[in-house]
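Please look through the sequence and the model shown here before reading on. The paragraphs that follow lead from one part to the next.

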Amino acid sequence: MMKSRTAAPVYLLLLMFMIMPSCSGKRQDQVSDEEYDRAREALVEANRILVRKDAERIRAYAERRGWKMQESESGLWYQIYEKGSGRSAQAGRTATLEYKLYLLNGTLCYDSDLTGPKKFLIGRGGVESGLEEGILLLREGDRARFIMPPHLAHGLTGDGNKIPPRAVIVYDVRLVSVE
């Protein structure tokens with residue numbers, strides 16, 4: 001019985017010593033604005049290098065296949081290789097696509113022949129930002145290729161299923177309809 005009465009004040013005292021530093025202004029783990037700016041600039045530079053390397057990999061991939069692709073300002077590579085004659089895709093409309101999605105190593109990840117067409121409201125998210133951007137370049141019936149660097153696809157984490165972290169992906173699509 002005596003032990004529990006003396007233990008409570010000791011635990012209370014330890015708790016107070018742990019709480020007190022967090023109540024006083026700056027914590028030990030906080031960084032100065034200068035340190036933050038240096039770290040941020042290092043990360044921005046590392047990102048620039050990765051974006052440049054991704055663009056080099058995409059360019060080499062397209063050249064090996066003889067694809068004449070264009071690059072958008074965001075870094076989306078695209079080629080419309082068959083023209084349709086239907087309505088243009090527009091934000092706020094529902095797009096229906098047939099597609100195959102590959103990794104640069106040729107691995108087929110997803111295929112609408114197996115999963116059914118992809119249907120989504122353009123401009124509302126829910127799909128890769130590179131796919132949204134690419135669809136807006138198409139008309140019903142168009143067939144196109146989109147090569148998306150990680151920042152326009154599934155980013156640092158992948159999709160948690162078939163697309164690994166920092167993967168460049170290739171979409172081969174046909175815009176079936178715009179409603």
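Is E34 buried or exposed? E34 is exposed, with a relative accessible area of 55%, where exposed means over 50%, buried under 20% and partly exposed in between, computed with a 1.4 Å probe on protein chains only. This is a predicted model, in which local features need pLDDT of at least 70 and side-chain atom pairs count only at pLDDT 80 or more, while totals for chains, interfaces and linings use all residues. Residues are numbered from 1 along each chain as its sequence is written, and side-chain values use heavy atoms, with hydrogens and water left out.

The chain holds four helices and seven strands, where helices (H or I, at least four residues) and strands (E, at least two) are DSSP runs numbered from the N terminus. Along the sequence their order is α-α-β-β-β-β-α-β-α-β-β. Of the 179 residues in the chain, 33% are buried.

The structure has 10 salt bridges, a salt bridge being a side-chain nitrogen of Lys or Arg within 4 Å of a carboxyl oxygen of Asp or Glu. In one of them E34 meets R38, at 3.0 Å from N to O, and both residues lie in helix α2 (residues 33-65), four residues apart, about one turn of the helix. Another salt bridge joins R166 and D54, also at 3.0 Å from N to O, and this pair links distant parts of the chain, since R166 is in the loop between β6 and β7 and D54 is in helix α2, 112 residues apart. D54 is buried, with a relative accessible area of 3%, whereas R166 is partly exposed at 26%. R166 also has a positive phi, near 55 degrees, although it is not a glycine; most residues other than glycine have a negative phi.

The loop between β6 and β7 also holds P149, which counts as buried at 4% relative accessibility. Leaving aside neighbours within four places in sequence, P149 is in contact (heavy atoms within 4.5 Å) with D54, I58, G75, A167 and V168.

What does the side chain of E128 make with the side chain of H154? The two side chains make a polar contact at 2.9 Å, which is a pair of N or O atoms within 3.5 Å, where within protein one must be able to donate a hydrogen and the other to accept it, and residues adjacent in sequence count only if both atoms are side-chain atoms. E128 lies in the loop between β5 (118-121) and α4 (129-135). E128 is buried yet has no salt bridge, and the nearest side chain of opposite charge, K118, is 4.2 Å away; here Lys and Arg count as positive and Asp and Glu as negative, while His and the chain ends are not counted.

K118 also lies over the face of Y99, at 5.2 Å from the ring centre, by the rule that NZ of Lys or CZ of Arg is within 6 Å of the ring centre and within 35 degrees of the ring normal. Y99 forms a tilted aromatic pair with Y171, at 5.9 Å centre to centre and 55 degrees between the planes. Y99 lies in strand β3 (residues 94-103) and Y171 in strand β7 (residues 169-178), so the pair ties together parts that are 72 residues apart in sequence. Rings of Phe, Tyr and Trp (its six-membered ring) pair if their centres lie within 6.5 Å, with planes under 30 degrees apart counted as stacked, over 60 as edge-to-face and the rest as tilted.
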